[in-house]
Amino acid sequence: MQLPTTPRERLVVALDVETGVEALALVDRLAGTVGMFKVGKQLFTAEGPSLVREIVARGERVFLDLKYHDIPATVAKACVEATRLGASIVNVHASGGRQMLTECVRAVDEVCAAEHLERPLLLAVTVLTSMDDANLEETGVSATAAEQVIRLARLARDCGLDGVVASPLEIGLIRQNVASEPFAILTPGIRPAGGEKGDQKRVMTPAEAVAAGATYLVVGRPITAAADSKGAAERIAGEMEAAFGPASA
Ligand code: C5P
């Protein structure tokens, strides 16, 4: 798919709910206000691919956040099925290695050409933000988390992936050391100006993340737990629009 052209197309809402009924209620409430809906491991495991098909059938975009990591053939085939499902963004772990990454790109390109499908963006997860330097060391990685983020983002870029998932505080690091747009950076950990942080420790406001160089912003509870979800999403989209300037709104 094309990179987003309007600020609200950059806003991705995390459907972190237990049931398809709750998820579809949020989709119906937020359609037209946000650009995409994230279906992650919890909701996908509960409801399966039919929920993704239902969201796509409503004309909405889906980021299928399943973070595949396995042998190259298995991950490539999973990416092909995610493409056939109609996902607009699919992600894999960059630590799966060069062969896995290049095989995914090749397989997705091939199925899109053969079956006339829209090409999803393939993004790589670098280092999970739950991992610090000591956790990495325990798994045999002697680099710091920041060094490893840069290394894996470069590997993803060199293998032809379209971008990475990164914490807001890594956006600058990646833009300086790896690539500018169109290489995409999708970032969670977004909290509206003056909002509750909850369990997110390292956060940025929507305007700060846009200014730092984020391509997509993933926002969950500030929208999904708000009494007025649509109003909350509109305020966040407004903060993003203000950061881009009125010409891009
Ligand atoms: O509710 P909240 O805005 O914190 O949701 C953020 C979403 O992004 C959740 O689905 C969460 O799992 C995901 N995420 C995150 N931090 C990461 C990676 C993913 O918050 N480092």
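Modeller: Happy to! Let's begin at His-116, which is in the loop between α5 (98-115) and β5 (121-125). Those labels are DSSP runs numbered from the N terminus, with helices (H or I) of at least four residues and strands (E) of at least two.

Biologist: Before we go on, what kind of model is this?

Modeller: It is a predicted model, where local features need pLDDT of at least 70 and side-chain atom pairs count only at pLDDT 80 or more, while totals for chains, interfaces and linings use all residues. Residues are numbered from 1 along each chain as its sequence is written, and side-chain values use heavy atoms, with hydrogens and water left out.

Biologist: Back to His-116, then. Is His-116 buried or exposed?

Modeller: His-116 is exposed, because its relative accessibility is 72%. The cut-offs are under 20% relative accessible area for buried and over 50% for exposed, with partly exposed in between (1.4 Å probe, protein chains only). His-116 also has a positive phi of about 55°, although it is not a glycine.

Biologist: Nice. Which residue other than glycine has a positive phi near 45°?

Modeller: That's Lys-67, with phi near 45°. Lys-67 lies in strand β3, residues 62-68. With a relative accessible area of 23%, Lys-67 is partly exposed.

Biologist: And what side chain does the backbone nitrogen of Lys-67 lie 2.8 Å from?

Modeller: A polar atom in the side chain of Asn-91 is 2.8 Å from that backbone nitrogen of Lys-67. The side chain of Asn-91 also reaches the backbone nitrogen of Leu-66, at 3.2 Å. The cut-off for such a polar contact is a pair of N or O atoms within 3.5 Å; within protein, one must be able to donate a hydrogen and the other to accept it, and residues adjacent in sequence count only if both atoms are side-chain atoms.

Biologist: Where is Asn-91 found?

Modeller: Asn-91 is in strand β4, residues 89-93. Its relative accessible area is 0%, so Asn-91 is buried.

Biologist: Changing topic: what residues are around the ligand?

Modeller: Among them are Ala-14, Asp-16, Lys-38, Thr-129, Arg-191 and Gln-200.

Biologist: How far is a ligand oxygen from the side chain of Asp-16?

Modeller: An oxygen atom of the ligand is 2.7 Å from an N or O atom in the Asp-16 side chain. For the side chain of Arg-191, the distance from a ligand oxygen to an N or O atom is 2.7 Å, and for the side chain of Lys-38 it is 2.9 Å.

Biologist: How much of the ligand's area does the protein cover?

Modeller: On its own, the ligand has 460 Å² of accessible area, and the protein covers 78% of that. The area comes from the Shrake-Rupley method with a 1.4 Å probe; for residues, only the protein chains shown count as cover.

Biologist: Last one: what joins Glu-181 and Pro-182?

Modeller: A cis peptide bond, with omega about 20°. Pro-182 lies in the loop between α8 (171-177) and β7 (184-187).

Note on methods: A residue is near a molecule or strand if one of its heavy atoms lies within 4 Å of it.
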